[in-house]
Amino acid sequence: MRFANEFGFCELNSFPGCNQIVISNHGYIYPHHQGKGHGTTNHRLRIQRAKWLGYDYVLCTVRSENTKECSILQKNDFKELDEFYNSKTKQHIKLFGKKILFKRMVKNENFNINRKRISFLNGYRVE
Ligand SMILES: CC(C)(COP(=O)(O)OP(=O)(O)OC[C@H]1O[C@@H](n2cnc3c(N)ncnc32)[C@H](O)[C@@H]1OP(=O)(O)O)[C@@H](O)C(=O)NCCC(=O)NCCS
């Protein structure tokens, strides 16, 4: 499923074979909005959506040379799981994963989410 806002878009897709893993892919910030923190903000929105959709684990891949995306993942507690050489695209690829701590969200974060924020997030959901 694709999500979008004025800064860019992303996808969250169920991992075939394990219903509690979600793949985060095709994260993109439009060129004129890049380098202004929107990649970081949209990344956090994406993880929040994955929580609300009820997943337990997020997986994603990124080209090893993509320092911007690697930095976003590392600063948001993603674990670097492995790196491999994509023999088709001739690129090194890093695989990252993160557990979604749903209980912690209910305890610490959910009560702080106000109605405006929820409607903002839902407003950009595209099906
Ligand atoms: C990767 C992408 C999502 C990052 O979004 P962004 O809005 O440009 O990034 P942000 O402004 O949030 O910055 C993220 C990090 O990159 C750094 N950064 C930003 N612009 C940079 C630049 N021109 N050169 C080097 N680092 C840069 C920031 O300092 C920040 O790192 P920090 O947290 O250590 O300070 C975006 O550039 C993009 O869509 N790129 C093309 C598609 C892509 O690569 N998608 C990811 C697929 S896995």
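Author: Helices (DSSP runs of H or I, at least four residues) and strands (runs of E, at least two) are numbered from the N terminus. This is a predicted model, in which local features need pLDDT of at least 70 and side-chain atom pairs count only at pLDDT 80 or more, while totals for chains, interfaces and linings use all residues. Residues are numbered from 1 along each chain as its sequence is written.

The ligand is surrounded by 18 residues (a residue is near a molecule or strand if its C-beta atom, placed from the backbone, lies within 6 Å of it), and the closest of them are Q34, G35, G39, T40 and K68. Three elements each supply at least two residues of this shell, namely the strand β3 (21-29) and the helices α1 (38-52) and α2 (67-75). The largest share belongs to α2, which contributes six residues. By type, the shell holds ten polar residues, four charged ones and four nonpolar ones; Asp, Glu, Lys and Arg count as charged, Ala, Val, Leu, Ile, Met, Phe, Trp, Tyr, Cys and Pro as nonpolar, and the others, Gly among them, as polar.

The protein chain contains six strands and four helices, and from the N terminus on they follow one another as β-β-β-α-β-α-β-β-α-α. The six strands form an open sheet of mixed pairing, in the order β1-β2-β3-β4-β6-β5, where two strands pair if DSSP finds at least two bridges between them. At the edges stand β1 (2-5) and β5 (79-86), and because each has a single partner strand, one side of each is left without a neighbour in the sheet. From one strand to the next, the twist averages 25°.

Within this sheet, β3, one of the elements that supply the ligand shell, runs antiparallel to β2 (residues 8-14), and six bridges join the two strands. In one of these pairings, S14 has V22 of β3 as its bridge partner. The helix α1, which also supplies residues of the shell, lies across β1, β2, β3 and β4 (57-63) and runs at about 155° to β3; axes here are lines fitted to C-alpha atoms, for helices over the stretch in contact (C-beta atoms, placed from the backbone, within 7 Å), and angles run from 0 to 180 degrees between N-to-C directions.

Key
Contact = placed C-beta atoms within 7 Å.
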